[in-house]
Amino acid sequence: MLNWEESISKLLKDATHTYPLYNPHTREKITDIPECSNEQMEKAISIAKDAFQNMKTLTSNERANILENAYTLIEENKKLFAETITLEAGKPIKYSRGEVERTIQTLKFAAIEARKLEGESIRLDAAPGGDGRDAYTIFQPIGIVGAITPFNFPLNLVAHKVGPALAVGNSIIVKPAEKTPLSSFLLMEVFEKAGLPKGAFQVITGDGPRLGNVLCHHPDIAKISFTGSPSVGKIIKSQVGLKKVTLELGNNSALYIDESMKEKLDEIAEKAVVGAFSYNGQVCISTQRIYVHEKLFHEFITAFKERTERLIYGNPMDETTDISAIIDEKAQTRILQWIKEAQQEGANLITGGEKIEHGIKPTILTNVASDSKLSCQEVFGPVVIVNPVPSAEEALTEMNASEYGLNAGVFTYHLPQAFRFAHELEVGQVLINDLPTLRFDHMPYGGIKSSGYGYEGIKYAMQEMVHRKLISMNYSF
């Protein structure tokens, strides 16, 4: 039987301090979480170093089998995993179930890629003097991966680091978000039961900056994989030295709807509600900025407002709940302040903008200034701006006027225009006739500008967690 309480009790044996973990919806205390010391993190690194000696000897088939065992165990415990996500993150249960299903897919892809990762043959005789040699490349694991994860997808974003790391034969230490560590404990227990060598996957809880600093500076950590804010990502990048690093940072995803979409506006509005307000907008690729051709603007706003106001706020454990509490009071206060500031700058509030218990009503604003925080920064809340634009050229300019560059979406039936946006949008992923909130777990996923450094997506993350080695055989010697 999986039980996160057992994992917590093991860490508590060495921890001298704890901190309270609260349910975001009720603000009631769930349990006490170990505030692990730097020494505990260093001990975990030592254990992971020994575990790596076992991991690197496993065949790709053995690693794949462990991953298959793990996702099978998650399939058998879906209800527990979904309820744990909802308990600690306040995510509506229907979205928590979706996250569990995605986690299963993530680990399935990792198991597949564990068997597929291979090098290539190199024609050395293409260079003068290279004849008489066969050459090829292989991939070898790098050692210990230090993973630092956020609160909003406490299971699947952890799996996106754990799956690739174990698939190539590394060991990994996860420092989960302080607000959502329980899902990480459950995932660790799954891998222990799946046959993973002892110590190859560990969870250390506590203060992010302090424990992250240990990971960044410890000589035995080979790579840091971080998902979080740009400000923290920049600090990590400055600290890691010659370690490998992947940074998945902030975003304020933009969407353009052009004049060819008149017959599809109702369908797009329905999709945009999901893209903007799923899990209260606390998603790094949440649809935050929508630009609509002025010919369709009023029709779209009417449809979008109507569908937004159908969303139900309630207990996240209820099946009918669409919107729930913001992760904490600090975030709730900040989001409401940003809405107020935008209105003072001349924005029009279409709906929402109000506090509802520990949450915020889904909010739509129009005519938001390009230098407003709602345009420039990442809201990470149930807020979306919808501005009219006179042309595709204006939309492209507005969409690129951001320090972020993760995902962007474009709805158009004009093929040349679709290609133009695909090539000229300054983002890592362009989704034509889809929302920018779209992500499949095996696709390459990474941003430019302040949105990140390096790529996730199972195969692509694995390639950043290995050493590439060339081997040449001089058979003419």
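A pocket is an open set of grid points with protein on both sides within 12 Å along at least five of seven lines, and its lining residues have an atom within 4 Å of a point. The exercises below apply this to a predicted model.

**Exercise 1.** Describe the largest pocket by its volume, its lining and the elements that supply the lining.

*Solution.* 
1. The volume of the largest pocket is about 1200 Å³.
2. Its lining comprises 40 residues, and those nearest the centre are Phe-151, Phe-226, Gly-228, Ser-229 and Val-232.
3. At least two lining residues come from each of helix H8 (208-217), strand E8 (221-227), helix H9 (230-239) and helix H12 (329-344).
4. The greatest contribution is that of H9, with six residues.
5. Sorted by class, the lining holds 19 nonpolar, 13 polar and eight charged residues.

**Exercise 2.** Carry out the corresponding analysis for the second largest pocket.

*Solution.* 
1. Here the volume is about 680 Å³.
2. The second largest pocket is lined by 28 residues, with Arg-102, Phe-153, Thr-437, Leu-438 and Arg-439 closest to its centre.
3. Helix H5 (93-116), helix H6 (156-167) and helix H10 (265-277) are the elements that give two or more residues to this lining.
4. Among the contributors, H5 gives the most, with seven residues.
5. The class count for this lining is 13 nonpolar, seven polar and eight charged.

**Exercise 3.** Examine the span of H5 and the burial of its residues.

*Solution.* 
1. H5 contains 24 residues, and the distance from its first C-alpha to its last is 35 Å.
2. At 1.5 Å a residue the expected value is 34 Å, to which the span of H5 is close.
3. With burial set at under 20% relative accessible area, the buried residues of H5 include Ile-93, Val-100, Ile-104, Leu-107 and Ala-111, together with the charged residues Glu-99 and Glu-113.
4. An α-helix has 3.6 residues a turn, so residues three or four places apart point the same way.
5. The cover over the buried residues of H5 includes helix H3 (60-76), helix H4 (78-89), H6, helix H7 (182-193) and helix H16 (458-463).

**Exercise 4.** Which residues touch the most other members of the largest nonpolar core, and what is in contact with Leu-187?

*Solution.* 
1. The largest nonpolar core has 77 residues, and Leu-107, Ile-172, Leu-187, Phe-191, Phe-201, Ile-224 and Ile-236 touch the most other members.
2. When neighbours within four places in sequence are set aside, the contacts of Leu-187 are Ile-74, Phe-81, Leu-107, Leu-155, Val-158, Ala-159 and Phe-201.

**Exercise 5.** How many cavities of 30 Å³ or more are found, and what lines the largest cavity?

*Solution.* 
1. Searching the whole structure gives four cavities of 30 Å³ or more.
2. The volume of the largest cavity is about 70 Å³.
3. It is lined by 16 residues, of which Arg-289, Met-399, Tyr-404, Asn-407 and Val-427 are closest to the centre.
4. Strand E10 (253-257), helix H14 (392-400), strand E17 (404-405) and strand E18 (407-411) each contribute at least two lining residues.
5. By class, six lining residues of the largest cavity are nonpolar, seven polar and three charged.

**Exercise 6.** Locate Arg-27 and Glu-357, and state whether each is buried, partly exposed or exposed.

*Solution.* 
1. Arg-27, in the loop between strand E1 (18-22) and strand E2 (29-34), has a positive phi near 65°.
2. Its relative accessible area is 24%, so Arg-27 is partly exposed.
3. Glu-357 has a positive phi near 55° and lies in the loop between strand E13 (355-356) and strand E14 (359-360).
4. The relative accessibility of Glu-357 is 55%, so this residue counts as exposed.

Definitions and conventions: Residues are numbered from 1 along each chain as its sequence is written. This is a predicted model: local features need pLDDT of at least 70, side-chain atom pairs count only at pLDDT 80 or more; totals for chains, interfaces and linings use all residues. Side-chain values use heavy atoms; hydrogens and water are left out. On a 1 Å grid over the protein atoms alone, a cavity is a set of points where a 1.4 Å probe fits but cannot get out, and a pocket is an open set with protein on both sides within 12 Å along at least five of seven lines; lining residues have an atom within 4 Å of a point. Grid points are joined across faces, edges and corners, and a volume is the space filled by probe spheres set on the points. Helices (H or I, at least four residues) and strands (E, at least two) are DSSP runs, numbered from the N terminus. The expected span of a helix is 1.5 Å times one less than its number of residues. Buried means under 20% relative accessible area, exposed over 50%, partly exposed in between (1.4 Å probe, protein chains only). Contact means heavy atoms within 4.5 Å. A nonpolar core is a set of buried Ala, Val, Leu, Ile, Met, Phe, Trp, Tyr and Cys residues joined through side-chain atoms within 4.5 Å.
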